Amino acid sequence: KFLSDEALSKNQMAFVKLIVDYIAENGGIEKRVLNEHPFNSYGSVTELFGDRMDVIKGVMITIDEFGKELI
């Protein structure tokens, strides 16, 4: 869903792809990891998505929902 959002910047898209790849490799993700390397190489979440907070909120909701499915 987020990877097909053509309005995202190159860095925003790369950040979302990192999340998808991380989940695929690790089976899930904790939100605190988004402040660690390699995610923080694009800057803080608020810096990166300052103009698109709706997107990062949607990503966080999706992470929460994905985590519930694993339980």
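Where does Leu8 lie relative to helix 1? Leu8 sits in the segment before helix 1.

## About the model

The model is predicted: local features need pLDDT of at least 70, side-chain atom pairs count only at pLDDT 80 or more, and totals for chains, interfaces and linings use all residues. Residues are numbered from 1 along each chain as its sequence is written, and side-chain values use heavy atoms, with hydrogens and water left out.

Leu8 has a relative accessible area of 9% and is buried (buried means under 20% relative accessible area, exposed over 50%, partly exposed in between, with a 1.4 Å probe and protein chains only). Between the C-alpha atoms of Leu8 and Thr46 there are 14 Å, and the two residues are 38 residues apart along the chain.

At 1.5 Å a residue, its 17 residues should span 24 Å, and the end C-alpha atoms of helix 1 are 24 Å apart, which agrees (the expected span is 1.5 Å times one less than the number of residues). The buried residues of helix 1 are Gln12, Phe15, Val16, Ile19 and Ile23. Looking down the axis of helix 1, you find these buried residues within an arc of 95°, so they line one face of the helix (the arc is that of the directions from the helix axis to the C-beta atoms). The face turned away from the buried side of helix 1 carries the exposed residues Lys10, Ala24 and Glu25. After helix 1 you meet Gly27, with a positive phi near 80°.

## The aromatic cluster

Now for the rings: the structure holds 3 aromatic pairs (rings of Phe, Tyr and Trp, the last by its six-membered ring, pair if their centres lie within 6.5 Å; planes under 30 degrees apart count as stacked, over 60 as edge-to-face and the rest as tilted). Phe15 and Phe39 have ring centres 5.9 Å apart and planes at 75°, so this pair is edge-to-face. Phe15 lies in helix 1 and Phe39 in the loop between helix 1 and helix 2 (45–48), so the pair ties together parts that are 24 residues apart in sequence. Both Phe15 and Phe39 are buried.

Phe15 also forms an edge-to-face pair with Phe49, at 5.6 Å centre to centre and 65° between the planes. Since Phe49 belongs to the loop between helix 2 and helix 3 while Phe15 is in helix 1, this pair ties together parts 34 residues apart in sequence. Phe49 is buried, with 0% relative accessibility. Ring pairs link Phe15, Tyr22, Phe39 and Phe49 into a cluster.

## A cis peptide bond

The loop between helix 1 and helix 2 is also the place of Pro38. The peptide bond from His37 to Pro38 is cis, with omega near 10°.

## The largest pocket

The largest pocket has a volume of about 200 Å³. On a 1 Å grid over the protein atoms alone, a pocket is an open set of points with protein on both sides within 12 Å along at least five of seven lines, and lining residues have an atom within 4 Å of a point. Among the lining residues are Lys1, Phe2, Val16, Ile19, Thr62 and Phe66. Helix 1 (10–26) and helix 3 (53–70) are the elements that give two or more residues to this lining.

Conventions:
On a 1 Å grid over the protein atoms alone, a cavity is a set of points where a 1.4 Å probe fits but cannot get out, and a pocket is an open set with protein on both sides within 12 Å along at least five of seven lines; lining residues have an atom within 4 Å of a point. Grid points are joined across faces, edges and corners, and a volume is the space filled by probe spheres set on the points. Helices (H or I, at least four residues) and strands (E, at least two) are DSSP runs, numbered from the N terminus.
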